[in-house]
Amino acid sequence: MYTGLVHAHSGLRWLALVLLLAAVFVSISRWQGNKPFTDGNRKLYLFTLISVHLQLVLGLILYFISPKVNFDALANRVIRFYTVEHITIMLLAIALITVGYSRGKRATSDVQKHRLVGIFYALGLALILAGIPWAFRGLGAGN
Ligand code: HEM
């Protein structure tokens with residue numbers, strides 16, 4: 001089960017990243033172009049939110065079972081990365097994306113909806129890019 005979860009969590013990053021890139025691009029261009037908020041836009045922003053929440057659920061389960069999470073071995077940089085840094089950065093990113101979605105949903109004008117999603121999702125995306133254990137960082141991730 002552990003290996004399957006790591007693979008799912010690793011592979012789902014691509015879905016989350018593609019959706020986030022699309023949502024940021026669409027929301028910012030529609031905000032700048034003063035374009036209406038369509039049902040397609042609502043779905044894109046919602047599926048993006050769902051994809052990062054799915055990563056949150058898988059990540060939380062992994063956090064309890066992964067050998068790379070260990071509060072007694074924080075001197076090791078790989079252990080410290082997963083035990084402290086990865087979870088902190090990703091929780092912050094997912095919180096920002098959630099705030100952007102829900103504030104966008106409650107906003108009254110179409111431009112305001114796109115603007116809130118654009119700003120909060122872009123910040124979330126930047127944090128997620130910074131928090132991923134990319135191969136070049138030598139953090140022992142399968143990639
Ligand atoms: C969008 C958010 C996230 C992305 C894109 C992401 C991405 C990744 C990636 C690419 C790996 C490396 C997997 C591998 O070894 O191939 C990983 C590992 C891990 N992630 Fe996340 N993650 C996210 C959120 C979270 C959250 C919120 C948590 C904790 C609550 C978490 C906990 C973990 C743990 C514990 C591992 C180590 C798994 C292991 O190899 O034992 N992740 N994550």
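How much of the chain is helix over residues 116-136, and how far apart are the end C-alpha atoms? In this predicted model, that stretch is 76% helix and 0% strand, with its end C-alpha atoms 33 Å apart. It's one of the stretches that UniProt, in an unreviewed entry, labels "transmembrane region"; the record places that feature at residues 12-32, 44-66, 86-104 and 116-136. Take residues 12-32 next: here the chain is 100% helix and 0% strand, and the end C-alpha atoms sit 30 Å apart.

Now step back to the whole chain. The C-alpha atoms fill a box of roughly 50 × 25 × 25 Å along the principal axes. Of the contacts with a separation of 6 or more, 70% are between residues 24 or more positions apart.

Let's look at one pair of helices. Helix H1 (residues 2-32) and helix H4 (residues 110-131) pack at an angle of about 145°, and their axes are 8 Å apart. Their crossing is left-handed. On the H1 side, the contact includes Leu-17, Leu-20, Val-24 and Trp-31, while H4 brings in residues including His-114, Gly-118, Tyr-121 and Ile-128. Sort the residues of this contact by type and you get 15 nonpolar, three polar and two charged.

Some of those names come up again in the largest nonpolar core. This core has 21 residues, and Leu-20, Tyr-45, Val-52, Ile-97, Tyr-121 and Ile-128 are the ones that touch the most other members. H1, helix H2 (39-65), helix H3 (77-106) and H4 each give two or more residues to this core, with H1 providing the largest share, six residues.

Is His-9 buried or exposed? His-9 counts as buried because its relative accessible area is 18%, and the cut-off for buried is under 20%. Setting aside residues up to four places away in sequence, His-9 touches Gln-55, Leu-58, Gly-59, Leu-62 and His-86. Across the chain, buried residues make up 36% of the 143 residues.

Definitions and conventions:
Residues are numbered from 1 along each chain as its sequence is written. This is a predicted model: local features need pLDDT of at least 70, side-chain atom pairs count only at pLDDT 80 or more; totals for chains, interfaces and linings use all residues. Side-chain values use heavy atoms; hydrogens and water are left out. UniProt positions are given in the numbering used here, feature names are shortened, and annotations may be inferred rather than shown by experiment. Helices (H or I, at least four residues) and strands (E, at least two) are DSSP runs, numbered from the N terminus. Axes are lines fitted to C-alpha atoms, for helices over the stretch in contact, and angles run from 0 to 180 degrees between N-to-C directions. A crossing is left-handed if the near helix is turned anticlockwise from the far one by less than a right angle, and right-handed if clockwise. Contact means heavy atoms within 4.5 Å. Ala, Val, Leu, Ile, Met, Phe, Trp, Tyr, Cys and Pro count as nonpolar, Asp, Glu, Lys and Arg as charged, and the others, Gly among them, as polar. A nonpolar core is a set of buried Ala, Val, Leu, Ile, Met, Phe, Trp, Tyr and Cys residues joined through side-chain atoms within 4.5 Å. Buried means under 20% relative accessible area, exposed over 50%, partly exposed in between (1.4 Å probe, protein chains only).
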